4 protein chains.
Amino acid sequence: MLRVGIVGGTGYTGVELLRLLAQHPQAEVRTITSRKDAGTRVSAMFTSLRAIDKTSSIADLTFVEPDRAQLTECDVVFFATPHGVAMAAARELVKAGVRIIDLAADFRLADTAAFERWYKMPHACPDLLADSVYGLPEVNREAIRKARIVGNPGCYPTAVQLGFLPLIEAGIVDTERLIADCKSGVSGAGRKAELNLIFPEAADNFAAYAVNGHRHHPEIVQGLERANRSGKPLKLAFTPHLTPIIRGIFATLYAPLLDPSADLQALYEKRYAGEPFVDVMPPGSAPDTRSVRASNVCRIAVHRPPGTDLAMVLAVEDNLVKGAAGQAIQNMNLMFGLPETTGLAALPVLP
Amino acid sequence: MLRVGIVGGTGYTGVELLRLLAQHPQAEVRTITSRKDAGTRVSAMFTSLRAIDKTSSIADLTFVEPDRAQLTECDVVFFATPHGVAMAAARELVKAGVRIIDLAADFRLADTAAFERWYKMPHACPDLLADSVYGLPEVNREAIRKARIVGNPGCYPTAVQLGFLPLIEAGIVDTERLIADCKSGVSGAGRKAELNLIFPEAADNFAAYAVNGHRHHPEIVQGLERANRSGKPLKLAFTPHLTPIIRGIFATLYAPLLDPSADLQALYEKRYAGEPFVDVMPPGSAPDTRSVRASNVCRIAVHRPPGTDLAMVLAVEDNLVKGAAGQAIQNMNLMFGLPETTGLAALPVLP
Amino acid sequence: MLRVGIVGGTGYTGVELLRLLAQHPQAEVRTITSRKDAGTRVSAMFTSLRAIDKTSSIADLTFVEPDRAQLTECDVVFFATPHGVAMAAARELVKAGVRIIDLAADFRLADTAAFERWYKMPHACPDLLADSVYGLPEVNREAIRKARIVGNPGCYPTAVQLGFLPLIEAGIVDTERLIADCKSGVSGAGRKAELNLIFPEAADNFAAYAVNGHRHHPEIVQGLERANRSGKPLKLAFTPHLTPIIRGIFATLYAPLLDPSADLQALYEKRYAGEPFVDVMPPGSAPDTRSVRASNVCRIAVHRPPGTDLAMVLAVEDNLVKGAAGQAIQNMNLMFGLPETTGLAALPVLP
Amino acid sequence: MLRVGIVGGTGYTGVELLRLLAQHPQAEVRTITSRKDAGTRVSAMFTSLRAIDKTSSIADLTFVEPDRAQLTECDVVFFATPHGVAMAAARELVKAGVRIIDLAADFRLADTAAFERWYKMPHACPDLLADSVYGLPEVNREAIRKARIVGNPGCYPTAVQLGFLPLIEAGIVDTERLIADCKSGVSGAGRKAELNLIFPEAADNFAAYAVNGHRHHPEIVQGLERANRSGKPLKLAFTPHLTPIIRGIFATLYAPLLDPSADLQALYEKRYAGEPFVDVMPPGSAPDTRSVRASNVCRIAVHRPPGTDLAMVLAVEDNLVKGAAGQAIQNMNLMFGLPETTGLAALPVLP
């Protein structure tokens, strides 16, 4: 039984980790920290965690002050914290032999200059960063197994990379003309009291945001560049929008085809043939976000818009699961030699 | 491994049965029928059922024409059909030793005259009805264990009965002055192409409906009368409303207290002390429907509105789980001697 | 042309006043204040106010620091502020001959002790309070015409009073057993960055709140007591709920009938025969909130729940219009001798 | 006072025409037809149309059987009908001197072969079609003034054309690489009882649809080709998505810039300087659909996504107003020499 610690459990990725880990047969949450809410039972903050059948150990958890002594007794610690927290705590945990999965951005960008530009803070441990692994299993599975620190991908980057990668890897699209038109549910903004997120502002409304630049842009480009063999730079327009759904990301991706005769459906099916959590849909499909609600699946459909030379890829995921907590547990399973789908096999909730 | 059949699997209770049974370690869906969609794979109709990890047996199911030969080979058959279907098929299945759980109304009302008045059809098998059990485990647990036919309660009746029963059983309220002001999510109306259910009509809107009488009224009254020892008749105002949520029922119940000194909190905690799926919340709580989303829990808070002599009970449930498919599986577990919570322990999905 | 000032225009009642006054042919907003956003154009904060046809004077308004010199040049000043602001400024404005309409609670409760208990602040001007008028035109029309200060009713109190009043005035219900089960859209909580109001918390969710007491309770009781000729005290259970709609209040009201032979439909039609903004629906109707969206109408249907001795009244309004800004303008029209519906005749927005 | 007839008033464009015309000082709806609902009062079908102030003539309207005698007495007839109805009735009305505004597609596509391919019916009157005018005032204002028949643009085509036209007209983009990634509210699908439109399917969900071709594609291409002076063909990827809002279209448009030094903001401001209903937002703006809810405004922001050679245009409109009924009334105003904004100056409803 893996001993699990969670740092910063009061946000949406924190409660989602708890929900998923409660169903994980090989992991037990030993400790969960919150500076602000220390002393509060997790089930007092999140009524949904009150015990079913009065036996759940999750319901008995209480937020505690961050305390390294306890965290160092864990096998693995998840950081569901703001950017900057994990890198400050990483060295001591690594020294103690604890493995780390950071759901924030501290270990996502290999380029510390880019990190510092986008996240407005110096990087605390470039040496550990150099040693960490970007936690996208469909790309880095073997490295993740051995990683001491995993930087769990952002929600948009997961969907956009899984959607574009087969095209980039195959070298059949113009990498200078990529467009990712993305739509996110509101939980992607986190559990924060912000005016633009309140129901009367966000409901019955569709909006673009961050039109002048979004932190996930360099992360996506980094991932796609690693697969880019074209010799040409990779240029990406990335447009995030807010859609009034709670969970879910819908990525509509466009790339000019260099080779119009390519069999895109076969390409995608082959690329993801062995993947437990990537579902390539039948030709002609139009995915929707609810078909992955509360599950770790990313569904992908690939199209050629009539009258164009484009490839169009539609990719959906639950931003809190495959885009955050579920992928983190998938990484944990890999790191500890468990079957990759352990604890992640629940079907999506529909309707 | 229980062999399970489902008759009529294309509605919301059908797909919910599939979702929950996919996670049930002791049950396997052997057959699922649909006259209209015979030949279609369930995962082609409900993308959410496409296999995770390519191993789910649910994803391989195909709707078949109703076929008794196959159903009679099941241990248990769920009817997720319109009213009237189960009673037409029941005799043959019972004869074959198959146990039946009907999610429609055929086996809910003991009074066939009431059934025929509200459902506008003659009852096909009053003798089997007399032998069937009303599937509310918190009331009829022992009888359910031995039942051949279980009439699974309606969604409103489950919440309203669980909310009112402790008061009625204790004889401390005026049974002639009961009010159930209920609010339901739109999935309660079923998976039907009806104009008043389309998004532009139902979204951003709150409405009353069936103000002149609702089929669940006699079912609720029947259940409460069975607990009524007051010697007086039971009179209930039952007002259903439609609220723009997908899943969930919120019942606000009012009853005049005969004994204003009663300790309501203690009464409820004692009544439901052993119940795995009824959660009596701490004093002062205000439940919400999302705290039970996609789970089999009914949460209850009990209050005395300031300045009144009333008891007020707030009860929430997911109409598709505790109000339908989840309770049906709870009944199945009881009927086959399994632990009552088997396959039903997943935590609610929040946010 | 009335010269109008608005104090505190950055909340939902403020922007709604602007929207409605922009269409009012006899009123012109001369000044609008906001301490925090002084210097910002109103159309920069609320894009919806950007000019149509480049001619709207509303779009040219800029928030200014509260400045009495300008306010005293107005004919009427609306306070769309937190509780306590209007009473602090009232004396000087009254002295200057300016008439005041307060959309907060400062001039709603005649009993200053009750005000101080519920709003946790001393009342700044009990003498002006004694002289002010409660701005429910359907009750106080003549007094409003002459009022120097109008306390504009709260959103819940408007719907609940309009719903109950005909029954109380007629003396045909047991005033000790009143129940108001109310449901509000989220804009009723104001334009505030609060965690429980963000979309992922409030969407797809139905909840009760303030179950231990709500500030609108004493206001409703005050209004109903004024009509109560029964000689008995008036007892009311008032339960507010939050429903995921932007605008709208739905009040479901229950009262035991003393005289079961009363013709309730005729009673309501007669009581509201001359009222421009109260619509008594035909017998058997079930109102919905969208039927009054963005309009100043309160629609009412009256019922007798089958099998009970109750009257049940269903009342809907838009909490920002008839429950706030629209009623305030209705009061302004009365105070200045304009036809009562001036500027308020736009039909509801449906769908 | 213009005498107005409406054919087919039971859909969303029909009720929106009624809502807007009720506020139009120079037009009176004389007759409204519905074969299915003849004899029903419009206010019985749409409660929102019940009279405010008991004086509205709209509330007194009753649906009648289509009856040419009455329609020929109108000055203008709106067709808010399925495709094919207007062209069948047009000749007789034109002969009688009645002017026609068709909100369906009969008079949108100049190429009858394209019409017949996409709408699966022969065109009934190619000669009248040749004489009709495409009702986009920002392009065809002068022709509309004189038109006997106006084909009112589709909802997507209005937003996409207004968004792309300045770029195409200026000849500064590669017309072979246009992308329109569009998101529509659910009312765009009409008032139809279809399974995929019901709340439990469409709420809390974001989906693509019609990925293999949409009827608005040829209409958009026709409009853009008319402005295309590049000598090259125009190729457009058009991807419609469904977002869970009631009203609103959000179009995200991408076009490769031929001239990266172009001042896009100035281009758009100049192009739409005189337009009453096109609002070019300040640089850096991100529009949202609610900022145009229930109004006839199309708001546009123009961007250059960082790190690309693209122009990106964000355009929002209310699909039922500028995308349908409002634009139809704008056309009526032009046809009859009224100020273009008559009856259309109400501000958007926010929140």
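Helices (H or I, at least four residues) and strands (E, at least two) are DSSP runs, numbered from the N terminus. The structure described here is a predicted model, in which local features need pLDDT of at least 70, side-chain atom pairs count only at pLDDT 80 or more, and totals for chains, interfaces and linings use all residues. Residues are numbered from 1 along each chain as its sequence is written, and chains are lettered from A and ligands numbered from 1 in the order in which they are written.

Two residues other than glycine adopt a positive phi. In chain D, Ala294 lies in the loop between strand S11 (278-280) and strand S12 (298-303), and the phi of D:Ala294 is near 70°. A residue is termed buried if 20 or more other C-beta atoms lie within 10 Å of its own, exposed if 12 or fewer, and partly exposed in between, with C-beta atoms placed from the backbone. D:Ala294 has 25 C-beta neighbours inside 10 Å and therefore counts as buried. In chain C, the loop between helix H9 (199-202) and strand S8 (207-208) contains C:Asp204, whose phi is about 45°. C:Asp204 likewise counts as buried, because 24 C-beta neighbours lie inside 10 Å.

The domain assignment of chain A, whose bounds come from an automatic or database source, gives domain 1 (2-131) and domain 2 (156-318). The C-alpha centres of these two domains of chain A are 27 Å apart. With contact defined as C-beta atoms, placed from the backbone, lying within 7 Å, nine residues of domain 1 of chain A are in contact with seven residues of domain 2 of chain A. On the domain 1 side, helix H5 (residues 112-119) of chain A gives the most, with three residues. That side of domain 1 of chain A divides into seven nonpolar residues, one polar and one charged; here Ala, Val, Leu, Ile, Met, Phe, Trp, Tyr, Cys and Pro count as nonpolar, Asp, Glu, Lys and Arg as charged, and the others, Gly among them, as polar.

Helix H12 (residues 321-335) of chain A spans only 18 Å between its end C-alpha atoms, whereas a straight helix of 15 residues would span 21 Å at 1.5 Å a residue; the expected span is 1.5 Å times one less than the number of residues. H12(A) bends by about 45° at A:Gln327, the bend being the angle between axes fitted to the seven residues ending there and the seven starting there. Of the 15 residues of H12(A), 15 are buried, so the helix is largely enclosed by the rest of the structure. Just after H12(A), A:Gly337 takes a positive phi of about 70°. The segment after H12 of chain A also holds A:Pro351, which a cis peptide bond joins to A:Leu350, with omega about 0°. In chain D, a cis peptide bond joins D:Leu350 and D:Pro351 with omega about 5°, and D:Pro351 is placed in the segment after helix H12 (321-335) of chain D.

Between chains D and A, 40 residues of chain D are in contact with 40 residues of chain A. Elements of chain D that each supply at least two residues to this side include strand S7 (178-184), helix H9 (199-202) and strand S13 (310-317). The chain D side comprises 21 nonpolar, twelve polar and seven charged residues.

Definitions and conventions: Two residues are in contact if their C-beta atoms, placed from the backbone, lie within 7 Å.
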